[in-house]
Amino acid sequence: MQSPSQSVLLVVLALPFLAAAIAPLVYRLAGERVAYFGAAVAAVAFGLIGTQYGTEGVVSIPWIPSLDVSLALYVDGLSLLLGFVVSGIGILIFTYSGGYMHDEPGKAKFYTTLLVFMGAMLGVAFAADLLALFVFWELTSVSSFILIGHYQDDPDSQYAARKAMVITVAGGLFLLIAFLLLHTVSADVMGTATFRLAGEGSMIENAGAMREGLRSAGLFVPVLALLAVGAAAKSAQVPLHIWLPNAMEAPTPVSAFLHSATMVKAGVYLIGRFRPLLGSTEWELLFAGLGLLTMTVGAMLAIKADDIKELLAYSTASHLGLIVAGFGIQYKYGAETGAFHILNHALFKAALFLVAGIVAHEAGSRLLSELGGLWRDLPITAAVAVVAALGMAGLPPFNGFYSKELLFEATFHAAEHAGGLWWLLPVVAVFGSIFTFLYSIKFLSLFFGDRPDALEHVHSPPLPMLAPPVILATLAGVIGLGGIGGTLGIHFWPLEAFINRVLESAGASKPHFGYYLPTSLTPAAGMSAITVGVGAVAYPYYDRLAAVVDRLASIKPLSPNWYYDGIMNWLDRTGVVAERLHTGRIRTYASWLMLGVAALTIGGYVAAGVVLPALSSITLAAPIVIVLGVAVVAALAVTSAPSHVAGVLTLSILGFMVAIFYILANAPDLALTQLVIETLVLVLFLLVLNKLPAFYGDLKRRQILTDSIVSGVVGVTVFLTVLVSTAATPGKPIYTYFLERGGVPTEHGQWLLEWGGGSNIVNVILVDFRAFDTMGEISVVAMAALSIITMIAMRQRGETQ
């Protein structure tokens, strides 16, 4: 099979982030049409990903060579599936947003963050290195936090954003520990520690040896549990599902993109990716049980919801449980269930969220109790809802039926193979599916039945809002019709061939995927018949069932929200957090941040057994001692300066002493650079100081003591770091390398990759050899400038602390 293109994959990964960087400018130039700019970016990404179909392998760019960490991108069926879902649905969501976000605030921030999120999800899809995967994984949490909290002044939005952030980021920390344990074990198994997850020389390629290594170290179950927590937090599995319903406070495009089609798929994608590596009896017991439990609990909670977005949120958790259960089952049809339902669920659930947005946008309500008979006002939307909702219900011949049928097949064969308590799997699968049938039919009551008298005239949605759900429903319908064709022997070959590639990636032993309507009474067909039959009989009692579930959910010990809210309220009330940390003062935040960094640094030195170098060999000439003495005196004088101007002028003495030190150390070029920078910074400070008061005022003794302790701890940490980092004496001074490589070689081509190409060695070092360090210094100056601007703005609002 052909190798993937490195340049194409890098463009796919970089394009959304570059687009996000210029999205505010595009918004200023094009206004609300920035939505179609985002759609175009997603379309280009989708097309580029399409060019990689038929390829497989890893492309790698060194990132941290000393740790053998690289930006490794891997193309196979599973990564292509997620990549197509993210970029393809991204096209439709951006287009839909062009109509939906017309009167919404913060559009520049919204589209910027949505592009960043899309880029992060593409990174998750194609990352083949565990560290790169973790970086993109956490970036999805950060960007979703901003999107969920889009309505910044709404307390419910703030609560939802914080809950999603706490749960998903905490789950990410569990995942990081699992990754580090895998990296440690890989050193014993493969001879060299690696973070490479997939591809040549990876953990998955050595899956058998990795499993044995984990078991011999007693780490197999801990790694499996840590992985499960990380995936469950992101994919809203019980009991970590509680953030998903609250996240519906976000605008509908966010709900459709993040919380039905993409971000929540990250967890199930991770389970599918690790399935070949950690697949085992323990794996099957954990993920099959967790998935079916979530499928059932989510479906039961959905029937008590009156808000249509809340119903769809619980439904999403339920269907994610179905996918997790599929990837969990190691016997026949398990991988098929997970892979096929990722696609089916993305299509029908994204369509339903967009339908919910149209209903709320045009009818002015999201409550089932206030809506009904909307098919007369919204006939096309109603048709979309029928196709998508019946797919969600698992009715033939709609697309969701086939992947649910595969789940029934998988659970039945697993139980038949293992026996005993494993027969609970098909029983629970049918029980949860009955509730899925109920809430799916209830969703359709929006469009059928009597129209409430209080409901005013409902307008038709604009084309940008209508076209995306129509496209999604059409695709879902085509997949559903493919099952009819399969029954007639007319197979949907492109889809089936693609799913076969996904199955190979997920570790299916004999991938041979095909789907069709059953033509005889198989166990799975019987389970489907029971689901539909019992659901139809129970539907007239829907309200009674909803009341029972609501009463059960209101029992506090049974509700994970009760535990979450209790813990967070306790943290808010406790003096350590509320009084000592969350004071709203920059001084407090800066102090705790610096103390935390210092504690981690010194703790790292102690854990690593770092030995400080002996100081007896240090000899200083008299001029250097005098210069350093003046610098120390100047530093002490800054603390007692009577005004800002005096403090800055005194501080500049310290900078000039550093320049003199460079001269005495035979580095006049560095001295000149230091003098120029010091003079420039001094001028900038003096220009800023006229915007500030002469002095803040008298400080309390407690503040003086606290500042002294913080500065002392930070100073000692920096001092120790300098000693440790400069303890080694290389045999050949590093400046010889700079001198040899800094100029222009006698013979060279068009590009100078190994040479500086300059005549001023200081300039070459700054912009070539130490380019990232220089960029970091520029970033520090920029952040300091932003901090000063922030403090000035706060001062103008009357904040003085």
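# Briefing: helix packing and buried positions

At 2% relative accessibility, Val 34 counts as buried, because the cut-off for burial is under 20% relative accessible area. Val 34 belongs to helix α2, which covers residues 34-51. The model is predicted.

**Buried residues and their contacts**

- Val 34 touches Ala 23, Val 26, Tyr 27 and Tyr 111, leaving aside residues up to four places away in sequence.
- Ser 235 sits in the loop between α8 (220-234) and α9 (243-246).
- With a relative accessibility of 1%, Ser 235 also counts as buried.
- Not counting residues up to four places away in sequence, Ser 235 touches Val 264, Lys 265, Ala 266, Gly 267, Val 268 and Leu 320.
- Ile 303 is placed in the loop that runs between α12 (281-302) and α13 (308-328).
- The relative accessible area of Ile 303 is 1%, so this residue is buried.
- The contacts of Ile 303, with residues up to four places away in sequence not counted, are Phe 435, Leu 438, Tyr 439, Tyr 542, Leu 545, Ala 546 and Val 549.
- Ile 303 and Asp 543 are 240 residues apart in sequence, while their C-alpha atoms are 8.5 Å apart in space.

**Helices α6 and α7**

- Helix α6 (residues 155-190) packs with helix α7 (residues 207-216) at an angle of about 110°, and their axes are 9 Å apart.
- Because of that angle, α6 is roughly perpendicular to α7.
- The crossing in which α6 passes α7 is right-handed.
- On the α6 side the contact involves Leu 182, Val 185, Ser 186, Val 189 and Met 190, and these meet Ala 209, Met 210, Gly 213 and Leu 214 of α7.
- By class, the residues of the contact of α6 with α7 are seven nonpolar, two polar and no charged.

- The axes of helix α15 (residues 379-393) and helix α16 (residues 399-418) cross at roughly 10° and come within 6 Å.
- That crossing angle is why α15 is described as roughly parallel to α16.
- In this pair, Gly 391, Met 392 and Ala 393 of α15 meet Asn 399, Gly 400, Phe 401 and Lys 404 of α16.
- The residues of the contact of α15 with α16 divide into three nonpolar, three polar and one charged.
- α15 also packs with helix α17 (residues 424-444), at an angle of about 170° and with the axes 8 Å apart.
- α15 is therefore roughly antiparallel to α17.
- From α15, the contact draws on Ala 385, Val 386, Ala 389, Leu 390, Met 392 and Ala 393, and from α17 on Thr 436, Phe 437, Tyr 439, Ser 440, Ile 441, Phe 443 and Leu 444.
- The contact of α15 with α17 has 11 nonpolar, two polar and no charged residues.
- Met 392 and Ala 393 of α15 are listed in the contact with α16 and in the contact with α17.
- Tyr 439 of α17 takes part in the contact with α15, and Tyr 439 is also among the residues touched by Ile 303.

**Helix α19**

- Helix α19 (residues 493-505) has 13 residues and reaches 19 Å from its first C-alpha to its last, close to the 18 Å expected at 1.5 Å a residue.
- The buried residues in α19 are Leu 495, Glu 496, Phe 498, Ile 499, Asn 500, Arg 501, Val 502, Leu 503 and Ser 505.
- These buried residues of α19 pack against α3 (77-100), α11 (263-278), α14 (334-363) and α18 (463-487).
- Gly 507, which follows α19, has a positive phi, near 85°.

**Helix α26**

- Helix α26 (residues 644-664) has 21 residues, which should span 30 Å at 1.5 Å a residue, and the 31 Å between its end C-alpha atoms agrees with this.
- In α26 the buried residues are His 644, Gly 647, Val 648, Thr 650, Ser 652, Gly 655, Met 657 and Ala 659.
- The cover over the buried residues of α26 includes α25 (622-639) and α27 (668-689).
- Asn 666 follows α26 and has a positive phi, near 60°.

Conventions
Residues numbered from 1 in each chain as written. Predicted model: local features only at pLDDT ≥ 70, side-chain atom pairs only at ≥ 80, totals over all residues. Heavy atoms only, no water. Helix = DSSP H or I, 4+ residues; strand = E, 2+ residues; numbered from the N terminus. Buried < 20%, exposed > 50% of the residue type's maximum accessible area, 1.4 Å probe, protein only. Contact = heavy atoms within 4.5 Å. Axes fitted to C-alpha atoms, helices over the stretch in contact; angles between N-to-C directions. Parallel < 35°, antiparallel > 145°, perpendicular 65-115°, else oblique. Left-handed = near helix turned anticlockwise from the far one by under 90°. Nonpolar A, V, L, I, M, F, W, Y, C, P; charged D, E, K, R; others polar. Expected span 1.5 Å × (residues − 1).
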